[in-house]
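Hi,

Here is the structure I said I would pass on.

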Amino acid sequence: MFLNRFNRLLLIGLSSTVFAQQSQSIDSSKAEILNEVFITATRTERQLSSLPLPTSIITSADISKAGVTKLNEILSEQTGIITVPDFGGGEGVQIQGLDSAYTLILIDGVPLVGRSAGTLDVSRISVGNIDRIEIVKGASSALYGSEALGGVINIITYRPKFDTLSGAISERFATFNTHDINGNINWKKNKFSGTFFSNYYTSDGYDFNNLPFIQTVEPYNNTTFQTRLYYDFSAKLKLVSGLRFYNQQQDYKSIITDENYQGKSKIHEWNAQLRLEHKWNSKIESDYEIYTTNYKADEFLNNSDGQLFESSFYNQWLIRPEVRTTFTIDKNKLTTGVGINHEVLGRTYFDKKTAFDSQYFFVQYDYNPIEKINILAGFRYDKHNQFQSQLSPKLAANYKISKSLSLKTSFGYGFKAPDFRQLYFDFTNSSVGYTVLGYNVAETRLNDFESQGQLLSRVDGISFSDPLKPESSVNFNLGTFYHKGKLRMDANAFYNSITNLIDTRVVAQKTNGQNIFSYFNINEIFTYGIEYNASYHFTTDFKVSFGYQYLIAKDKSVIKAIENGQVFARDPITLESFQLSKSDYFGLFNRSKHIANIKFFFTIPKLKTDINLRVIYRSKFGLFDTNSNQILDIYDDFVNEYFITNLSLSKSFKDKLTVQVGANNLFDFTNPQEISNIPGRQVFVKLQFNF
């Protein structure tokens, strides 16, 4: 069944490719590709087609025509990216089979914080003022440090380019009584320019569980305010400032021992950025930047009498000054940077506020020995007060075989530092009684439990004497880029090997029969696969694109245990145990071997109408071990393959008023028992007035 469905998608993608090779005419699409400027991969402006790294761009036009409102919605339609719900109701992104904890999320080049459970919720980011989204896949720690182990997503907001005043007001109404209201103002007058953006989003949520008191997603609302100001003192000295506020409030309900509890969950976030851009001369440019952000989350539950039952809080600060300088040497560029990270977190289940301090510097050389060859080499050194220092090198090369075809390859090292939770957590579940301890506090707390008579036994061989090590990865990419006439294709084979993976394990047992867990460097995992993208402009008004990723993601320790004959499964009919072979091992949880998309973009100029149809496919994947052997094998239960179809139609009236209608998840796919972040068909209508 999977092969039949997928082959139909692949046939469409390949047929458009074969057809395209018969045509070599040049249209506006070529200029569009060549003019795509990319910053994130090198921290300098580069043409997308010339980069030696696996990269992609989502433009503001792509976002607008899709009719989406949040970052998670547009990312879920991209090749090689899966949005994954976390336990708190947010959504992270999975790239090249690596968890969302390994992807760095930036807005205008500076990082967001607020990973309460390791995942940064991309659904909290509105897309109403985005100029483009730049995506770098693979280890990027050589420029960005921790959390860029799997890749970087940089959301770049609009910057005025011409002396004018413009703006837009829009409202989008959708299923579940969802409203998305946007306001944009952009202006430029001589040396001064700026943007102001506001967004209000509210939804009644949705329900799969049919319980009388709680629903799958409770009603919530959030607001975003963002402004960026620019002042050009001269052609050589420019000032950039940015300020962003985000607030969310959501109903919080729970049923505990047949009693109803309700309260509120709140998020408050702000980011402030100040950057001075100094062009010393034609060969030297410097950026002086300071960035501060604060993320707060609070929630509480009251019992039926209105008395407080439980509450929690999360309060994280990041302050980061950084200086970058780029030297132009003939056709080559040398980029250097130095900075400091000061990070503070106070939260429930920490006995005190904890702080991370690190200093770093990086060097990158963008070298062009001849016109056809580009080499990118560099490294970053991070010195941290809580774990061992890290050196993150990278090397990439692009060889231009012809004007239409180039080959690219890259090697990179990435790392992810142990987070506050893994080092300082001190949590005991009030209803069940188990405990989770951060590595740095575990020894002291275990001694406390023992002195209080709550400890039954400790696991032999457990020691907390050596520091918890950062997770590290080695990433390889080998790809090709082809563009001729109306056809554009790229393919990339990738491999990631992660060592010192941090996971929980049992360290002791309590007298109540429950376990105490802590964090350790345990597993080694690897992912590999291939990603393919193709697009073809049949005419200037009709374009088809196709994307596909094949992925294998596995745990090396599981493979070794299978080879040693230590892993078994139970026959569901005879209930007899049997030894597993390596071919029985499916891989890591929540990974699909196949994901694909096909997109149709059609414009009717005379009617000023755009039609946008996207189909996204995901093959089967496993969420849990269902046969009690602690791994995902072919005898476990799986989430079945599925398709999601999104459709939008937009019509403009005299370039002032745009009406858009559409439906996400057009054919109303749901799987409430296994997939919580797909609520069913969402029909929407959007009105936008431009001035």
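Arg421 counts as buried, because its relative accessibility is 18% (buried means under 20% relative accessible area, exposed over 50% and partly exposed in between, with a 1.4 Å probe and protein chains only). Its partner is Asp419: the two side chains meet in a salt bridge, 3.3 Å from N to O. By salt bridge I mean a side-chain nitrogen of Lys or Arg within 4 Å of a carboxyl oxygen of Asp or Glu. Asp419 is buried as well, with a relative accessible area of 17%.

Before you go further, some ground rules: this is a predicted model, where local features need pLDDT of at least 70 and side-chain atom pairs count only at pLDDT 80 or more, while totals for chains, interfaces and linings use all residues. Residues are numbered from 1 along each chain as its sequence is written, and side-chain values use heavy atoms, with hydrogens and water left out.

Back to the charges. Side chains of opposite charge can pair when their charged atoms come close. How many salt bridges does a search of the whole structure find? The count is 28.

One of them joins Glu289 to Arg275, with the closest N and O atoms 3.4 Å apart. That pair links distant parts of the chain, 14 residues apart: Glu289 sits in strand S16 (residues 284-302) and Arg275 in strand S15 (residues 259-279). For the element names, helices (H or I, at least four residues) and strands (E, at least two) are DSSP runs, numbered from the N terminus. Both Glu289 and Arg275 are buried.

Arg324 and Asp287 form another salt bridge, at 3.3 Å from N to O. Arg324 belongs to strand S17 (residues 308-329) and Asp287 to strand S16, so this pair ties together parts that are 37 residues apart in sequence. Arg324 is buried, with a relative accessible area of 10%. These residues also turn up in a network of salt bridges made of Arg43, Arg159, Arg275, Glu277, Asp287, Glu289, Arg320, Glu322 and Arg324.

Now the nonpolar side. A nonpolar core here is a set of buried Ala, Val, Leu, Ile, Met, Phe, Trp, Tyr and Cys residues joined through side-chain atoms within 4.5 Å. The largest one has 55 residues, and Leu71, Ile105, Ile133 and Ile153 have the most contacts inside it. Helix H7 (residues 439-451) gives the largest share of this core, five residues. A second, separate core holds 18 residues, including Ile498, Phe526, Ile559 and Leu588.

What does Ile133 touch, leaving aside its neighbours within four places in sequence? It is in contact (heavy atoms within 4.5 Å) with Ser56, Ile57, Ile58, Ile63, Leu71, Ile74, Ile153 and Asn154.

Val344, in strand S18 (residues 332-347), is buried at 17% relative accessibility. Not counting residues up to four places away in sequence, Val344 touches Asn315, Gln316, Trp317, Lys353, Thr354, Ala355 and Phe420.

Asp330 is not a glycine, yet has a positive phi of about 60°. Asp330 lies in the loop between S17 and S18 and is exposed, with a relative accessible area of 69%. Lys654 also has a positive phi, near 55°. Lys654 lies in the loop between strand S34 (642-653) and strand S35 (657-664), and counts as exposed at 73% relative accessibility.

Cheers
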